[in-house]
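Subject: A structure for you to explore

Hi there,

Here is the structure I promised to pass on to you. Have a look around it first, and then read my notes below with the view open beside you.

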Amino acid sequence: MSDSLRARIEQYYATVPLLFADAEEFGPLRLFVRKEPGTPYYGGPSHAQPTTESAGNVTAADIARVRARQCELGVPEAFEWLAEAAPALRARIEAVGLPVAERPLMVLDPHLSIPPQPLPDGVTIRVLTADDPALPAVLALPRLAFAAEGTAVGSAGRAELSAAAEEATADGTVESACPTIRAGHKTLIAALASDGTPLAVGHYHAANGTTEIGGVGTLPTARRQGLAAAVTAALAIHARDRGVHTVFLAYAEDSVAGIYRRLGFRAADVTLLIANQPARS
């Protein structure tokens, strides 16, 4: 990956949480603290990152200070950083007992035109508004998708989604997401069945012409129909149409990477490390 692309991705991770959070400094670590109550997004924006200029100087005491503040806030004791930007940090995080997962990044070829992907009969793609009646189920769907990772057809379906949507409404997830959607900071796109049930979802947050596509998940009973590819393509097209020129994403499994590769994403030769956080798409 070129230095300029890496710099854009580093800048993105350092700045996009500021759409929703304030930054608190703990020596060489920066903790993003949500401005309004809400469910942490991938452990953030109430997550910690090393500052670029001092990434190599993180100590166990720095990590402990951040974790104490996260406990005080009632958010996950989570950290996220690019492996290449802070090579020594993984060992220090693991030494205090936090599990670290690798998420290789892929970037969409900026010269490649990505077409809309085919959809099963009766399925449509929709950009969600804050008032969309499908919003609770759309926000709840990743809970089911990421609980059964991979691409194999699973057992969780419409009944489980309905229950999860009720939980997302009751626990404040829907309410906390609405201002972000109304402000245009978060774009949610879903593939919906003819009765309005979301079958696959994803989102992006754009900043300075760059965005990460995230949260791409398919209802386990609806897998193996090309829905994740269709949603990913729709997100990339939507972002590009609004001036985003760098589109990237992270993946957890090679089987998922194959979907993105067929759309024109390529390895970015950089790895996102996430400590004590849920899986990405």
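Let me start where two helices touch: Ala229, Thr232 and Ala233 in α7 meet Ile259, Tyr260 and Leu263 in α8. Contact here means heavy atoms within 4.5 Å. By class, the residues of this contact of α7 with α8 divide into five nonpolar, one polar and no charged. For these classes, Ala, Val, Leu, Ile, Met, Phe, Trp, Tyr, Cys and Pro count as nonpolar, Asp, Glu, Lys and Arg as charged, and the others, Gly among them, as polar.

Before going on, please keep in mind that this is a predicted model, in which local features need pLDDT of at least 70 and side-chain atom pairs count only at pLDDT 80 or more, while totals for chains, interfaces and linings use all residues. Residues are numbered from 1 along each chain as its sequence is written, and side-chain values use heavy atoms, with hydrogens and water left out. The names of helices (H or I, at least four residues) and strands (E, at least two) come from DSSP runs, numbered from the N terminus.

Back to the pair. How do α7 and α8 pack? Helix α7 and helix α8 (residues 254–263) pack at an angle of about 50 degrees, and their axes are 10 Å apart. The axes are lines fitted to C-alpha atoms, for helices over the stretch in contact, and the angles run from 0 to 180 degrees between N-to-C directions. That angle makes α7 oblique to α8. (Under 35 degrees counts as roughly parallel, over 145 as roughly antiparallel, 65 to 115 as roughly perpendicular and the rest as oblique.) The crossing of α7 past α8 is right-handed. A crossing is right-handed if the near helix is turned clockwise from the far one by less than a right angle, and left-handed if anticlockwise.

Now α7 by itself. This helix covers residues 227–241, which is 15 residues, and spans 21 Å from its first C-alpha to its last, close to the 21 Å expected at 1.5 Å a residue. The expected span is 1.5 Å times one less than the number of residues. Is α7 mostly covered or mostly open? Mostly covered, with 12 of its 15 residues buried. Buried means under 20% relative accessible area, exposed over 50%, and partly exposed in between (1.4 Å probe, protein chains only). Among the buried residues of α7 are Leu227, Val231, Leu235 and His238. Just after α7 comes Gly243, with a positive phi of about 90 degrees.

Helix α4 (residues 135–147) packs with helix α5 (residues 158–170) at an angle of about 110 degrees, with their axes 8 Å apart. The two helices are therefore roughly perpendicular to each other, and α4 passes α5 in a right-handed crossing. On the α4 side, the residues are Pro136, Ala137, Ala140, Leu141, Arg143 and Leu144, and they meet Glu160, Leu161, Ala164, Ala165, Glu167, Ala168 and Thr169 in α5. Their contact has nine nonpolar, one polar and three charged residues.

In α4, 10 of the 13 residues are buried, so the helix is largely enclosed by the rest of the structure. What covers those buried residues includes α5, α6 (173–182), β7 (187–192), β8 (198–207) and β9 (210–218).

Next, please find helix α2 (residues 60–73), which holds Gln70. At 0% relative accessibility, Gln70 counts as buried. Leaving aside neighbours within four places in sequence, Gln70 is in contact with Leu31, Ser46, His47, Ala48, Val75, Pro76, Glu77, Ala78 and Phe79. Ala68 also lies in α2 and is partly exposed, with a relative accessible area of 44%.

Finally, two loop residues. Asn208 sits in the loop between β8 and β9 and counts as exposed at 56% relative accessibility. Arg224, in the loop between β9 and α7, has a phi near 65 degrees, again positive in a residue other than glycine. With a relative accessible area of 63%, Arg224 is exposed.

Happy exploring!
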